[in-house]
Amino acid sequence: VSLQHKGERELLTELFGQLKPGQLLVLDRGYPASWLFWMLHLRGLEFVTRIKADHCKVVREFVDSPELEREVELSVSPDAKRNLKLHEGAPPASGSVRVRLVKDFKDGHLRVIATSLPAAKASVKELGDLYSGRWEIEKNICTFKLPMNAEGWRGYSQAAVDYDIGCKSFVHNLATLLSMEADRELAKQGTRPKGHIAKVNRTFALGELKTTLLEILRDRPTPEVRQQLLRRYYIEVLTKPSVIDPKRKNPIKK
């Protein structure tokens, strides 16, 4: 936890000590940079990331071509070399970093993905599915920051911030676990009239859990009472879902 503004790439470099060679990082569009790709290579880390279609000349050329995938060399600019030096990384002798670019079409829109994984390890479809999976994580982060108000700290010391985040993480994870049964039941129902899909309303689920949790924890209730309370929580979440239209371009975005 830090009150100092830092970029995504810098925050990632601070986690290098916790990562092990062979691990795979799935990154969003804010990360692509030749120096960071080289830093990951030096540490034996694999990556899959979305890269902007106009990131640089070689990427634009790939986008304009009919190819679905291509291996390219991303040059390490003087600025990139300074970043490498700042993070104690020796620049590549060739002056460039080799990455694999693939085209992934999601809902009719082109996404360009850059990866260190060769075709023998991951197909174009597998890379697209892998990148799409990170959206579920991002939705959880959004829920954590908005309904949970994770940044609304009651204190400014490190201990106070850690305590607040810890408590809210516990409630968020508990709500997710207790909502899984309702999630599965709603998924079985499929598409509703007018093409709408019902999903668990996370904001409502969190609010409902606050009152239920107090009753579950108060005065050491019997297992029977505890089950009744959990069942009530499940029924409330199941009967009051949020409804989205799958025909929208981004049906999850609020």
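Biologist: In which helix is the place of L12?
Modeller: In this predicted model, L12 has its place in helix α1, which covers residues 8–13.

Biologist: Is L12 buried or exposed?
Modeller: L12 counts as buried, with a relative accessibility of 9%. The cut-off for that label is under 20% relative accessible area.

Biologist: Leaving aside neighbours within four places in sequence, which residues is L12 in contact with?
Modeller: Beyond those neighbours within four places, L12 is in contact with L25, L27, Y31 and L36.

Biologist: And what separates the C-alpha atoms of L12 and L36?
Modeller: The separation is 9.3 Å between C-alpha atoms, for two residues that are 24 apart along the chain.

Biologist: Let me step back to the whole chain. How many helices and strands are there?
Modeller: The protein chain has eight helices and seven strands. Its radius of gyration is 23 Å, whereas the globule rule gives 18 Å for 254 residues; the value is well over the rule, so the chain is more spread out than a compact globule.

Biologist: What does the C-alpha trace span along its principal axes?
Modeller: The span is about 70 × 50 × 30 Å.

Biologist: What percentage of the residues is buried?
Modeller: Buried residues account for 33% of the 254 in the protein chain. As for the surface, the chain exposes about 16,000 Å², and 55% of that is supplied by carbon and sulfur atoms.

Biologist: Of the contacts between residues at least 6 apart in sequence, what share joins residues at least 24 apart?
Modeller: That share is 58% in the protein chain.

Biologist: Turning to charge, how many positive and negative side chains are there?
Modeller: The protein chain carries 43 positive and 32 negative side chains. The centres of these two sets lie 3 Å apart.

Biologist: How many salt bridges does the structure hold?
Modeller: There are 14 salt bridges in the structure. One of them is formed by R98 with E73, where the closest N and O atoms are 2.9 Å apart. R98 belongs to strand β4 (residues 96–106) and E73 to strand β3 (residues 69–75), so this pair ties together parts that are 25 residues apart in sequence.

Biologist: Is E73 buried, partly exposed or exposed?
Modeller: E73 counts as partly exposed, at 33% relative accessibility.

Biologist: Which residue does R134 form a salt bridge with, and how far apart are the closest N and O atoms?
Modeller: R134 forms a salt bridge with E138, and the closest N and O atoms are 2.2 Å apart. Both residues lie in helix α5 (residues 124–145); because they are four residues apart there, about one helical turn separates them.

Biologist: How do the two compare with the surface in view?
Modeller: R134 counts as buried, at 12% relative accessibility, whereas E138 is partly exposed, with a relative accessible area of 31%.

Biologist: What about R232: which residue is its salt-bridge partner?
Modeller: R232 forms a salt bridge with E215, with 3.3 Å between the closest N and O atoms. R232 lies in helix α8 (residues 223–239) and E215 in helix α7 (residues 202–217), so the pair ties together parts that are 17 residues apart in sequence. R232 is partly exposed, with a relative accessible area of 31%, and E215 counts as partly exposed at 31% relative accessibility.

Biologist: Which residues is D183 in contact with, leaving aside neighbours within four places in sequence?
Modeller: Apart from those neighbours, D183 is in contact with V200 and R202.

Biologist: And how far apart are D183 and P241, in sequence and in space?
Modeller: D183 and P241 are 58 residues apart in sequence and 9.6 Å apart in space, taken from C-alpha to C-alpha.

Conventions
Residues numbered from 1 in each chain as written. Predicted model: local features only at pLDDT ≥ 70, side-chain atom pairs only at ≥ 80, totals over all residues. Heavy atoms only, no water. Helix = DSSP H or I, 4+ residues; strand = E, 2+ residues; numbered from the N terminus. Rg over C-alpha atoms; globule rule 2.2 N^0.38 Å. Buried < 20%, exposed > 50% of the residue type's maximum accessible area, 1.4 Å probe, protein only. Contact = heavy atoms within 4.5 Å. Areas by Shrake-Rupley, 256 points an atom, 1.4 Å probe, with all protein chains shown as cover. Lys, Arg positive; Asp, Glu negative; His and termini not counted. Charge placed at Lys NZ, Arg CZ, Asp CG, Glu CD. Salt bridge = Lys/Arg side-chain N within 4 Å of Asp/Glu carboxyl O.
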